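Good morning. Please have the sequence and the model open while I talk.

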Amino acid sequence: MSRILTFNAGSSTIKLGVFEGGGNGDATQVAGGVLDLRVSPLQLKFNHGGVREASALDAAIGDDLSGVIDALLAWLEARFGGEAFAAVGHRIVHGGMDFDAPVLLDDAVIEKLDALSPLAPLHQPSGLKLVRAMQRTRPGLPQ
C-alpha cells in the first residue's frame, strides 16, 4: 500500500489530503486538512479517521516555504510513521497547452509552468512556490 500527499496551495492557505492506494490506480482519502499561513504560529486543522484536530506549527513562513513544509512533513510523519509518503501531488491551476494530464515534475516542467503564471497570477506562483519547497525539503520524493 502506498500513501500520497496532495497539496492545493492558495495565497494564504494550503489544503492537503492524504490518500492510500493498493497500487492498482485507485486511492482512498484517509485524511485532510488546511494549513493557515496568515497567523503565527501557523494553524493546521486536520481530520484523520473522523478525528478532528487543530495544531499549531512552529515555523517561519519565509519567502520559500521550506520551513513551513519541513514542519508540516515532520508533523504528518509523526502521525503516519517515518518517511510516510511515496509521492506528492499538486493542484497547479494552469497547464497551458502542454499539460492537460498529470506529469512528473522536474525542472523543465516547472519552468514551463512558471511561464504560465501571468494566466493565473494569484494561484500559479503559490503552487509553484510549494513545489520548489518540496524539492528542497524532500529532493528524492516524486511530485
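I will go from the whole chain to its core, then to the aromatic rings, and end with a few loop residues.

A word on the source. This is a predicted model, in which local features need pLDDT of at least 70, side-chain atom pairs count only at pLDDT 80 or more, and totals for chains, interfaces and linings use all residues. Residues are numbered from 1 along each chain as its sequence is written, and side-chain values use heavy atoms, with hydrogens and water left out.

First, the whole chain. Three helices and six strands make up its secondary structure; here helices (H or I, at least four residues) and strands (E, at least two) are DSSP runs, numbered from the N terminus. Starting at the N terminus, the order of elements is β-β-β-β-β-α-β-α-α. The C-alpha trace spans about 40 × 40 × 25 Å along its principal axes. A compact globule of 143 residues would have a radius of gyration near 15 Å, and the chain agrees, because its own value is 15 Å. That radius is taken over C-alpha atoms, and the globule rule is 2.2 Å times the number of residues to the power 0.38.

Of the 143 residues, 42% are buried. Buried means under 20% relative accessible area, exposed means over 50%, and partly exposed is in between, with a 1.4 Å probe and protein chains only. As for contacts, meaning heavy atoms within 4.5 Å, take those between residues at least 6 apart in sequence: 46% of them join residues at least 24 apart.

Now the core. In soluble globular proteins, nonpolar side chains tend to be buried together. A nonpolar core is a set of buried Ala, Val, Leu, Ile, Met, Phe, Trp, Tyr and Cys residues joined through side-chain atoms within 4.5 Å. The largest one here has 29 residues, and Leu5, Phe7, Leu35, Phe46 and Leu76 have the most contacts inside it. At least two residues each come from strand 1 (2-9), strand 2 (13-21), strand 3 (27-36), strand 4 (42-48), helix 1 (66-80) and helix 3 (124-137). Which element gives the most to this core? Helix 1 does, with seven residues. Another core lies apart from this one; it has eight residues, including Leu105, Val109, Leu128 and Val131.

Not counting residues up to four places away in sequence, its contacts include Ile14, Leu16, Ile69, Leu72, Leu130 and Met134.

Next, the aromatic rings. A search of the whole structure gives three aromatic pairs. Rings of Phe, Tyr and Trp (its six-membered ring) pair if their centres lie within 6.5 Å; planes under 30 degrees apart count as stacked, over 60 as edge-to-face and the rest as tilted. Phenylalanine 46 and phenylalanine 80 form an edge-to-face pair, 6.5 Å centre to centre with 80 degrees between the planes. This pair links distant parts of the chain, since phenylalanine 46 is in strand 4 and phenylalanine 80 is in helix 1, 34 residues apart. Are these two residues buried or exposed? Both phenylalanine 46 and phenylalanine 80 are buried. Together with Trp75 and Phe85, Phe46 and Phe80 form one aromatic cluster.

Finally, the loops. Most residues other than glycine have a negative phi, and most peptide bonds are trans. The peptide bond from serine 40 to proline 41 is cis, with omega near 0 degrees, and proline 41 is in the loop between strand 3 and strand 4. Leucine 65, in the loop between strand 5 and helix 1, has a positive phi, near 65 degrees. Why does leucine 65 count as buried? Because its relative accessible area is 7%.

Glycine 49 sits in the loop between strand 4 and strand 5 (51-57), and it counts as exposed because its relative accessibility is 67%.

The loop between strand 6 (87-90) and helix 2 (107-115) holds aspartate 98, which is exposed, with a relative accessible area of 54%. Isoleucine 92 belongs to the loop between strand 6 and helix 2. Leaving aside neighbours within four places in sequence, isoleucine 92 is in contact with Leu113, Gln124, Gly127, Leu128 and Val131. Between isoleucine 92 and serine 126 the C-alpha distance is 8.9 Å, with 34 residues separating them in sequence.
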